[in-house]
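Biologist: I am new to this structure. Please take one part and look at it closely, then show me how the rest connects to it.

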Amino acid sequence: MFKSPYFEINPISEKDGWRLCDFICANADYIKRYFPKTVAANLNPTLSNIFILEKVSDFLSGKEYLFTIKEAENRNIVGLVYLKELRRAIKEAEVAYCTAYTHKNKGLATKAVKTISEWGLNEQQLKRLRIIVHKTNLGSIKVAKNCGYIWTETLLKEHTPPNEDPLDMELYILENER
């Protein structure tokens, strides 16, 4: 889908089991607050393989799209990008993303979100994309803004991380201008 000399973005593949498990286990503490279900579903290679089969099926059926971000040289997974919560009737979806703590602040998430946002708007004929982020997640807010998303509103008690009270989240929107 996208390839540079340093990284590539591709749909999740049945061959990604071990790599996904490695990525999740190495970054679980870093990403579990906002991706608790993904972390819980990938704590060992067997669980990762089950998760991947489900996500490949979701991708093929158009229910949800999960993409991996891999280093070009060794093909390790260093991030994920979801196009999820699709509402086909109103042509809307949510973009969610995470990168390895070792790859933060390198522009990787921005490139991945731009790529998947363009794909969603153009290939999936979506008219509106959402990014939902906590106000303290400054890196993610920067990614949303760098990708042309505009802050719209605060969503009260939108997300409940594991063992925490519900959090208010900020909604950023990207509208297809066509």
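This is a predicted model: local features need pLDDT of at least 70, side-chain atom pairs count only at pLDDT 80 or more; totals for chains, interfaces and linings use all residues.

Modeller: Leaving aside neighbours within four places in sequence, R130 is in contact with E85, R87, E92, A93, E94, V95, Y149, L171, Y172 and I173. R130 sits in strand 6, which covers residues 128-133. Is R130 buried or exposed? R130 counts as buried, because its relative accessibility is 6% and the cut-off for buried is under 20%.

Now follow one of those contacts, V95. Residues up to four places away in sequence are again not counted. V95 touches V81, Y82, L83, V113, S117, L129, R130, I131 and Y149.

The largest nonpolar core has 49 residues. Those with the most contacts inside it are L20, F23, L83, V95, Y97, L129 and Y149.

Turn now to charged pairs. Side chains of opposite charge can pair when their charged atoms come close. How many salt bridges does a search of the whole structure find? The search finds 11.

One of them joins the side chains of E164 and R33, at 2.8 Å, N to O. This pair links distant parts of the chain, 131 residues apart. E164 is in the loop between strand 7 and strand 8. R33 is in the loop between helix 1 (17-31) and helix 2 (36-40). Both partners are partly exposed: E164 has a relative accessible area of 33%, and R33 has 27% relative accessibility.

Another salt bridge brings together the side chains of K3 and E8, at 3.9 Å, N to O. Here the partners fall into separate classes. K3 is exposed, because its relative accessible area is 65% and the cut-off for exposed is over 50%. E8 is buried, with a relative accessible area of 6%.

The side chains of E54 and K55 meet in a salt bridge too, at 3.9 Å, N to O. E54 is partly exposed, with a relative accessible area of 43%. K55 counts as buried at 9% relative accessibility. E54 and K55 belong to a network of salt bridges that also takes in D58 and E64.

Last, a nonpolar patch on the surface. L43, L47 and I50 form this patch. Together they have about 260 Å² of accessible area. L47 lies in helix 3, which covers residues 45-61. L47 is partly exposed, with a relative accessible area of 32%.

Key:
Residues are numbered from 1 along each chain as its sequence is written. Side-chain values use heavy atoms; hydrogens and water are left out. Patches are made of residues with over 30% relative accessible area and no salt bridge: like charges are joined within 9 Å, nonpolar side chains (Val, Leu, Ile, Met, Phe, Trp, Tyr) within 5 Å. Accessible areas come from the Shrake-Rupley method with a 1.4 Å probe; for residues, only the protein chains shown count as cover. A salt bridge is a side-chain nitrogen of Lys or Arg within 4 Å of a carboxyl oxygen of Asp or Glu. Helices (H or I, at least four residues) and strands (E, at least two) are DSSP runs, numbered from the N terminus. Buried means under 20% relative accessible area, exposed over 50%, partly exposed in between (1.4 Å probe, protein chains only). A nonpolar core is a set of buried Ala, Val, Leu, Ile, Met, Phe, Trp, Tyr and Cys residues joined through side-chain atoms within 4.5 Å. Contact means heavy atoms within 4.5 Å.
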